[in-house]
Structures are given as structure tokens and as C-alpha cells.
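Subject: Structure for your review

Dear colleague,

Please find below the structure that I am handing over to you. My notes on what was found in it follow directly after.

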Amino acid sequence: MMVPEGILCSKTHEYLLEENDLYTIGLTDYAVEQLGDIVFVELPEIGTEFAKGEVFATVESVKAASEIYMPVGGKIVEINEKIVESPEVLNESPYENGWLVKVESSTAQEDSGDLLDYDDYKEEL
Amino acid sequence: MAKRTKLYDEHLKLGAKIVEFAGWEMPVQYSGIIDEHNNVRNNAGLFDVSHMGEFFVSGKDALKLLQKLVPQNIEKLTDGKAVYCQLPNENGGLIDDLIIYRLKNEEYLVIVNASGIEKDYEWFKQNADGFDVKIEDKSDEYSLLALQGPKAKKIIAKLGISEDEQPKFFHIKYAKLNGADILLARTGYTGEDGFEILTKNENIVELWNLILEKGAEFGVKPIGLGARDTLRLEAALPLYGNDLNEETTPVESGLSWFIPKDKDADYNGKAKIIEQLKNGVKKHLIGFKMTDRAIPRHEYELYIHGEKAGIVTSGGFAPTLNENIGLGYIEEELPPGSEIQVMVRNKLYNAKIVKTPFVEKKSKKMDNI
């Protein structure tokens, strides 16, 4: 599993990756491993704004439904349609193909204060 | 502290993910729930179900006690035969569901849910007041395996018990496997053909590994509680605590088919159960499939024409069907094909009532007694 350089992780197992002022949000490899077979993903509509910590998506494994929280506040500008059709992509490729949404965020700097880099996140598990 | 079965270390070696269930640390999955589920439908799967309870009921009044405890007519059981039963309280609500096996005259094996071991045992004893009967809870001495799937009979044959010698559906027999004394029953909780194997704790680790080794050529895999739940849901087999509880009678639970109308002996809850069989009930257990994209879960609300009308008792993704299905109670009698709705995260999604089981059972129909 290739973990992208520079991701930040929340204690609720979302990751945040910044690229050219756009923030990609997904679930860490640890999270999808723990969830097991993912069979359903519900994503927000493009244009919706969420504050840090708000529920913006739901991911369901065979066993249970899990709410997914915004690691930083922002506006949804892109959603990953592919995982709605094929939720198993989240298990197979949480970083490359299985990301959830991309957001614009003007508060990312102050909101990401409590996020951990990948090594520290793994250590906290 | 949660209890562990004698196979706990074997589960860890096989890479199982462990969860707590009914006070036990049990494997929920090994390779993945969907993979394990499909393997049971297509080949065979081995389950550690040692958390379940075993009572041995024997003596002159053993039959009389069992007749008082369950609606089924235990008098009709012959040696080596089994029957699926419910354990009603005086009001007909269910304390547990269980399987009673007649081993021989005046000697019965009762397999109960893990969550029911203590309360069922107390209930059995309470009901046995003045009876000449011995009730032994041997749950801590015995381990239980389930080997389920179309290849199960071939694996048991390979282990030395030929298909001709194997017990028929809902039968049990004494046998030897790898030199160990076992009780081999043709029962299970998956809707597939298969066996349950009861043996003393000291034999179980060797037997478990032997079945995985000799069964490898038939594609056997270890299966966790996750797939056990999806398999039983597709077969519409009720789960005590979800679909059955003390507030619900067996008639309301869609189990009328299992209840004889002609049993003379009195049993707990009989008046209520017979009255309901005759006059019908207000709530009904139904099976449904989602027609909108959403997954129904335990305790989500059911609606008819936008009005709250019941509750989901079991629900989830059905790997064999690649659909989302559920069992639940509604307060109206509606035929298959009727549209209902499920409330999922504050939104209503459409579903339709369907006939159960959701997946055709491969195991044969059991005799009604």
C-alpha cells in the first residue's frame, strides 16, 4: 500500500491531502481494514458546505454504518462517483482511487492543528 | 471478562478479527465476510460455535419437562431426531430459541444460544420442580463446530463417515472422528446442507485443524460470525435478540408453521399461542428487499404510505443476491409485492415485501412435529 506523502490523519480515521489548494478527503488504510468489506457509500452534493467535525458522508460495511467527519471545514467541489458505483474500491485503494471528496477550504490551516502526520497517527493506534 | 473458546489461539493464527459477542471473544471474520459467505454457498465453511450452550436432559420425566417447555410435540421425536423449538414464557413471549435432539429414550440434548445459557438453565430448573429429571449444563465441557455448505458431506466422508452413514437432515448420531467421540448432527444456521459436531473440549483443536486440512481439497475455509449472520439472514432464519425476544410470541415471529395445533400436553404460553393461531395477530414478521439504494439495519423504522408501521429487526447487504434485505415487524398484514418504506438517516427509502427465505434453502425441509 502506497501512502501518499504529506497526508494528515484525524483520530476518527479520515485523511486530508492538499494539492494546489484543493483538499482530498478519504479514509485511512487502517480505517478501511477495520471496516471490512465496504458495500455502500453515501456522499454529499457538490456545493454543500460543512464545518470541521460535521458528518458529510456515510460508509457502510457488511456489519454496520459509519459516519464520516470533515477533518477541516470547507465546500465540496468534487465527489468520487466511482466509489458510489463500486464501494469495494475503498478497500482496494483507499488513497489512489478510493478517495471520498475534494473540498475548497479557507480554514484548513487553523482546522488542521489537531491532525497527525501518518507516522504519528499509526503510533497512536 | 469475556470468555474464550478453546479455539481462540487457532483463530488468531488464522488472522481472525476478534469481536465480543454475548460475552465471548469470537472471530467475526478471517478473509472477509463476503468471501467467507460465498465460500459457504459454493464450497464449505467451518465455524467455531463453541459459545453456544449444551444441556443434557435425562430421566423418567425428561420428556414431560420438555413437553412443558416448548410448543413442539417432543413426544413425536424418535431416537436420533431433532426439532427446532421456541422457549416461551407464560405469556408466549420467547425466552430463547433452541434445538432439541433426542439421543435415546429419556435422554435429550438441547442446544441453546450463548446469551441464553444462564437464564434458560434457571428456567428449565424452575419448571422441573417436582419432576424426576436431571438437567446438566455441560456448556463448559463441550465445544461445537459447524461445517456448512454443499461440500460438507464430502469432507465428513473423507474423514471416515461415509455419506450413507451420515445422519439425515435434522438427525443426530454418535460417531467417531479421528478417534474422538462426537455427536454428529445434520443441522445448521446457513440454509445450506451441513453438520454440527459436538465433542469434549480436549478434542476440539485437533478436530478443527484436521477438518481444515482434509477439507482443503474441497475448498473449506474458516468462517466468522459476520458471514454467519449474512448467511442466516438470506435464509431468513431468526436471530434471538434481534428477531425474537420476550415481547414477541412465536406466532408473531412468523414461526406458526413450526407450532403443532394438536399437541395435547400443556406448555408455557399455550393459551396465548393457540388463541393467536386461531384469531391471528396484530404484528407480523415480514421479509423485504430495498428497491432504493440504502441498507436497512436493526431497529430502523418501517413505514407504510408515510406512516410509521413497524421496525426492522435484522437487515443488511446480502452477498448472494447483491441486494439489501431485511426482516422486520409491521402492524398490518400485507402480501408479497407490497411497497413499504424504511427510514434511513432521516430519509424514507422504498422497499418491497418479498417471500422468505430470500435465498432458496439447500437443506431439506424439516419434518413438522
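How many residues of chain A are in contact with chain B, and how many residues of chain B are in contact with chain A? In this predicted model, 16 residues of chain A touch 17 residues of chain B.

The interface between the chains

The size of an interface is often given as the accessible area lost when the parts come together. Between them, chain A and chain B bury about 1400 Å², and 50% of this area lies on carbon and sulfur atoms. On the side of chain A, the residues that lose the most area to chain B are Phe40(A), Val62(A) and Lys63(A), which together account for 39% of what that side buries.

Three salt bridges cross the interface of chain A and chain B. A salt bridge joins the side chains of Glu42(A) and Arg345(B), with an N to O distance of 3.3 Å.

Which elements of chain A each supply at least two residues of the side that touches chain B? They are helix H1 (29-35), strand E4 (38-42) and strand E6 (55-61) of chain A. E4(A) gives the most, with four residues.

A covered helix in chain B

Helix H7 of chain B spans residues 225-234 and is mostly covered, with nine of its ten residues buried. Among the buried residues are Leu225(B), Leu231(B) and Leu233(B), as well as Arg228(B), Arg232(B) and Glu234(B). The buried residues of H7(B) pack against several elements of chain B, including helix H2 (33-42), strand E17 (307-318) and strand E18 (323-330). After H7(B) comes Ala236(B), which has a positive phi, near 55°.

Aromatic rings

Over all chains, the structure holds nine aromatic pairs. One of them is formed by Trp257(B) and Phe258(B); this pair is edge-to-face, at 5.4 Å centre to centre and with 90° between the planes. Trp257(B) has a relative accessible area of 40% and is therefore partly exposed. Elsewhere, Phe55(B), Tyr121(B) and Phe124(B) are linked into a cluster by ring pairs.

Two lysines of chain B have their charged ends over rings. That of Lys64(B) sits over the ring of Phe131(B), 4.5 Å from its centre, and that of Lys138(B) sits over the ring of Phe56(B), 5.5 Å from its centre.

With kind regards

Notes. Residues numbered from 1 in each chain as written. Chains lettered and ligands numbered in written order. Predicted model: local features only at pLDDT ≥ 70, side-chain atom pairs only at ≥ 80, totals over all residues. Heavy atoms only, no water. Phe/Tyr/Trp six-rings, centres within 6.5 Å; stacked < 30°, edge-to-face > 60°. Buried < 20%, exposed > 50% of the residue type's maximum accessible area, 1.4 Å probe, protein only. Lys NZ or Arg CZ within 6 Å of the ring centre and 35° of its normal. Contact = heavy atoms within 4.5 Å. Buried area = accessible area lost by both parts, 1.4 Å probe. Salt bridge = Lys/Arg side-chain N within 4 Å of Asp/Glu carboxyl O.
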